[in-house]
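Please open the model in your viewer and keep the sequence beside it, as this tour moves from one selection to the next.

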2 protein chains.
Amino acid sequence: MGELAGQAVEGTLYFAPHAEFERVTGSNLPAKERAAIFGDLCRLNALYMIARAGSGHIGSSFSSLDIVSWLLLEEIEGADVYFSSKGHDAPGYYAALIGLGRLDFELIHKLRQIDGLPGHPDIGTPGMATNSGSLGMGVSKAKGMILANRLTHRNGRIFVMTGDGELQEGQFWESLISAANFGLHEITVIVDHNKLQSDTFVKNVSDLGDLEAKCKAFGWRVERCDGHDLSAFAEALASIEGDRRPKIVIADTVKGKGVSFMEHTSLDSDVAMYRFHSGAPDASLYRAAAQEIMTRLNKKFSDSGMAPMELETIERPQPSALPATAQRLIGAYTQALLKQAERRANLVALDADLILDTGLIPFREKYPNRFFECGIAEQDMVSMAGGMALKGLLPIVHSFACFLSARPNEQIYNNATELTKIVYVGSLAGVVPGGPGHSHQAVRDISALAAIPKMTIVEPSCEAEVESLLEWCIDEAPGSSYIRLISLPWDVSYSLPSNYKPKYGEGVVLTEGNDVVIIAYGPVMLSSAVRAARMVTETAKLSVKVINLPWLNVVSPSWMKRTVQNCRHVFSIDNHYVIGGQGDAIGRTLAGLGASIPYTCIGLYDVPPSGTNQQVLERVRLDAVSVAQTITYALSST
Amino acid sequence: MGELAGQAVEGTLYFAPHAEFERVTGSNLPAKERAAIFGDLCRLNALYMIARAGSGHIGSSFSSLDIVSWLLLEEIEGADVYFSSKGHDAPGYYAALIGLGRLDFELIHKLRQIDGLPGHPDIGTPGMATNSGSLGMGVSKAKGMILANRLTHRNGRIFVMTGDGELQEGQFWESLISAANFGLHEITVIVDHNKLQSDTFVKNVSDLGDLEAKCKAFGWRVERCDGHDLSAFAEALASIEGDRRPKIVIADTVKGKGVSFMEHTSLDSDVAMYRFHSGAPDASLYRAAAQEIMTRLNKKFSDSGMAPMELETIERPQPSALPATAQRLIGAYTQALLKQAERRANLVALDADLILDTGLIPFREKYPNRFFECGIAEQDMVSMAGGMALKGLLPIVHSFACFLSARPNEQIYNNATELTKIVYVGSLAGVVPGGPGHSHQAVRDISALAAIPKMTIVEPSCEAEVESLLEWCIDEAPGSSYIRLISLPWDVSYSLPSNYKPKYGEGVVLTEGNDVVIIAYGPVMLSSAVRAARMVTETAKLSVKVINLPWLNVVSPSWMKRTVQNCRHVFSIDNHYVIGGQGDAIGRTLAGLGASIPYTCIGLYDVPPSGTNQQVLERVRLDAVSVAQTITYALSST
């Protein structure tokens, strides 16, 4: 879930080389001590990976690592499968696989790098049994695997790690029902019950109540234990062995376990937001955390009569700072929402456990009664918004674009058939940030929602446009609307006219030109467009008009006719798959005009990779240079 | 859920006029007797409505009617709200509102007629609090309404009727969690626990286990009673009054209650498929059922010292039979699937409680080990299919198009990112049958799935094309695919060339012509297209080429170029919203060619109404006459 943009740590970083892991796994230490030391080595390396990447999920990597270490060292064998349903604990699992030599050691330097280790699991990486990161799917996936095993007379148990916040997803409970009926005893679910979800304590977001009673009532065998006490965990596993029901072990863990100031138990549960769910620590916190782990490890080695560790270090440069002029749409959205809330007493905001990422904290502080935290329960949230709208409220519904457009897709449509007005706000939209990987890269959301009658989809190009589009959605939209927000701060070289007001279905010219027209939207694509236009102008001596068209599923034919007349070629650039993006709305309009101007849609064709923002943009050919090349090639072949 | 196409009953039909209801509601009978008689009057009228409409849900209308009658006569007051989350019990609720004079009595003759009473609830009908028919959303909607009430200092309780099969939907459990945390005691959920879902017994589909324990574990106050014993039901409601928790009353009911041979208790629970979930009874069963209800009613009146009923009758003509040549795609699909299953030992079929509608019974009989009944749990089903595909199986996943494309939308995408091959089969696709209304009219499914990388969407135009497209999806598709199936038998006047094989992205000519090109797909739209083409040819003296293009999200540019050259105008006809349908794939391709041929997409713009098939097609202007008019108008204005 949470995906705060962090910054890579500069200065000295520490990691344990493979030899240190071998020294532990090859030792004759008692199994529980061996796994505990192995887990701490993994913590050190996961911390390194996240610090170097500049983002990743420390808290749940650390809470799950003792269990993961025990499973990998002592439990999993032969055809057994382990995977994490929550997926954001991937850095810890990667560190363990690297420690065991099952992943190439050099990958330790490539978390969230292209052709490296994706932010969330992908089966392209050895050891990953399924793609996760979209919550709540794990048990269902495991059920399918077991039923396939049974059909093909294969053996093997499946251990599925889930979060606790993840249990707010309806699919989790949906999946328990038939698992019990099918008697899928081969499945053991381990709940990493670290008491916190993305933003703060589960009990403050959407309390799970009596989790053991719930799981038992669904017909599963349930055990509970301390997830950092490996004796207790091993006993729990042993006690359920042989039971013919599917099994759940609720493992009480500590988020951020292993670094005192990252442990959630250091927080005051009534107020605090947890700081180490996503993103990365700053340099001083990184070094304090690494030091604490290293000191403990050396003490453990020493207590076991083993020599101190020989760690490796690496010097990392200071990452280049973003210019002060970078556009921060989430911040602008926060202010715009507050302004609208002041105008409209019936405006309420709903959130699905992403209050930090979606910029809602100031709203919650100012309007606590008008803020509804729904937990990781997007379907429930959207249908609740539907009920609110029927009763005269104006619900503004927030989540990441990837989740909001897809998980409650049928619920959004159902609301639309009631002809009420709801504003959906999907942040983290588009192909970057590239780090989290495809579960979080929302490049299909326009398509998923565009056909809904009276639904207008808009994307602001800069801070100033956020406010005017939100106002338009509230005051003028013919029905519900979906605001697509780029979460990354992004440096842009264009600006909107000072008197600019969005006009339904019409774009605004950012650079003038007559020969070629490029239509795009949002800060990332428009930056590529403006820079590409400059390159094309220089190399091909053509004048290029770049247009910001903030309307993603509606285009005015008369505006389009005026805009493209006399030009040689029209290009659209989608921060989205080519199918179903803005390019299709433009194509439909151009075809309707019977305009004999060649038209090229630029956008994504395949599932995007995980990597740094620049790496991903280059790979999917949406960076300025690639866009310029595509344009030049198209011009030369028509 | 289930939506079998039925046939209107001919001959004499019976219904109780408003005076009979007034006689009961105005009587001084004890409340429980009054409600029971009222309920039976509603049964008679709901039966009439369904017999006249030719389809509707008798079983759950009858199981819920005693409760509905009690709620409306004795419980609901002032600002209280009642609605049904399952929605398919609408005929019973309509009958009750008509009996109370809250709906115009003449609407009794207009179930599933345009501008009448939709197959599932729509807020356009007085007394309907929310649009339902998509399962599992009701509690969430109620939560939103209560939170809005609290914010705006309004009172009122909400009674939500759910099915029991409906409780397999994850959203139901998702919605329970925060209701308990928010302490939404104003909500009372009544589970119409009639033990059957669409096809057969809940316990055979996906057993709910200890339902009371489950609901209690979610923090709700739970009572259980006989839902046909109104004393017991009233006591249950009284006992939970004042509890500050949200409340669930599990009402044990009998599906089809009130007509002996429709009562599920007359079935052998191990084998039988229930026949009165959807569709309509034949004339003799209708009359036997009506007679049984009328006899009981008159006995009740007599026992209460009241005069016998004065019923109204109406004579209905024999409905015109479908020609023997009508294309039945579901039947063809059944055969095609069996053939593929024989070829491929790894082929498995998954179903979400629609085995009757999706044509899977012969498959289940022949391959019981390769058939997986998942219950009304589409997200779980799709992710299970994902797990199976990762283990080497070829899952074929079935549901109605409206549900399959939307409810598990994120799960389908997640599977696609794993690059496995899965075939999704969505039946009941398109705007007809018009009876069920917008929850079941799948006119947004192409858009919802088209952008998924390597996902091919196809729709067969006739029985013969079903087999070849299924074979293509299995053998040749580059990734997963979605087969869109018209469920209605449809009489078509075209046929495919005898040597026809589908060619990726290319269409096949059904009628030759040079001036105008019409591209469409599926039996319903192609029938309109072929007939419209004939009309245009006759009136405008133009030759019209009609093309069947079974590829809904992919069009070959070179084929398109050959096809449209020298023509005056290109039309596409979508059984779908214009945005995101096949028309967009055609528009994108035409624009890419820079073809200076005017292009018009014909399709839906607004949420379609409920009505007979012909009424709906005419209203949305997709019948042959309307299509011809649209074409003629477009030709005259370009």
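Two rings of Phe, Tyr or Trp, with the six-membered ring used for Trp, are taken as a pair if their centres lie within 6.5 Å. In this predicted model, the count by that rule comes to 31 aromatic pairs over all chains.

**First stop: aromatic rings**

Select B:Phe172 and B:Trp173, which form one such pair, with 5.0 Å from centre to centre and 85° between the planes. Because planes over 60 degrees apart count as edge-to-face, this pair is an edge-to-face one. Are these two residues buried or exposed? B:Phe172 is buried, at a relative accessible area of 2%, and B:Trp173 is buried as well, at 0% relative accessibility.

Now widen the selection to A:Phe172, A:Trp173, A:Phe218, B:Phe172, B:Trp173 and B:Phe218, which together form one aromatic cluster. Another example of a charge over a ring is found within chain B, where B:Arg43 lies over the face of B:Phe62, at 5.9 Å from the ring centre.

**Second stop: the two chains together**

Colour chain A and chain B separately, and ask which rotation superposes chain A on chain B. The answer is a rotation of 180°, with 0.0 Å of shift along its axis and an RMSD of 0.0 Å, which means that the two chains are related by a two-fold axis. The same surface serves both copies, as 100% of the contact residues of chain A recur in chain B.

Next, select residues 327-492 of chain A, which an unreviewed UniProt entry lists as "domain: Transketolase-like pyrimidine-binding". The C-alpha atoms at the ends of residues 327-492 lie 7 Å apart, and the span is 40% helix and 16% strand.

Staying in chain A, select A:Pro91, which lies in helix H4 (residues 90-99) and is buried, with a relative accessible area of 2%. Not counting residues up to four places away in sequence, A:Pro91 touches A:Ala46, A:Met49, A:Ile50, A:His57, A:Ser61 and A:Leu111.

Bring chain B back and move to B:Ser69, whose place is in helix H3 (residues 58-75) of chain B. B:Ser69 counts as buried because its relative accessible area is 0%, and, leaving aside neighbours within four places in sequence, B:Ser69 is in contact with B:Ala35, B:Phe38 and B:Gly39.

Finish at B:Pro609, in the loop between strand E18 (599-604) and helix H21 (613-619) of chain B, where a relative accessibility of 21% makes this residue partly exposed. How far apart in space are B:Pro609 and B:Pro118, which are 491 residues apart in sequence? Their C-alpha atoms are 7.8 Å apart. Beyond the neighbours within four places in sequence, the contacts of B:Pro609 include B:Ile114, B:Gly434 and B:Gln441.

Conventions:
Residues numbered from 1 in each chain as written. Chains lettered and ligands numbered in written order. Predicted model: local features only at pLDDT ≥ 70, side-chain atom pairs only at ≥ 80, totals over all residues. Heavy atoms only, no water. Helix = DSSP H or I, 4+ residues; strand = E, 2+ residues; numbered from the N terminus. Buried < 20%, exposed > 50% of the residue type's maximum accessible area, 1.4 Å probe, protein only. Contact = heavy atoms within 4.5 Å. UniProt positions renumbered as here; feature names shortened; annotations may be inferred. Phe/Tyr/Trp six-rings, centres within 6.5 Å; stacked < 30°, edge-to-face > 60°. Lys NZ or Arg CZ within 6 Å of the ring centre and 35° of its normal. Least-squares fit on C-alpha atoms with pLDDT ≥ 70 in both.
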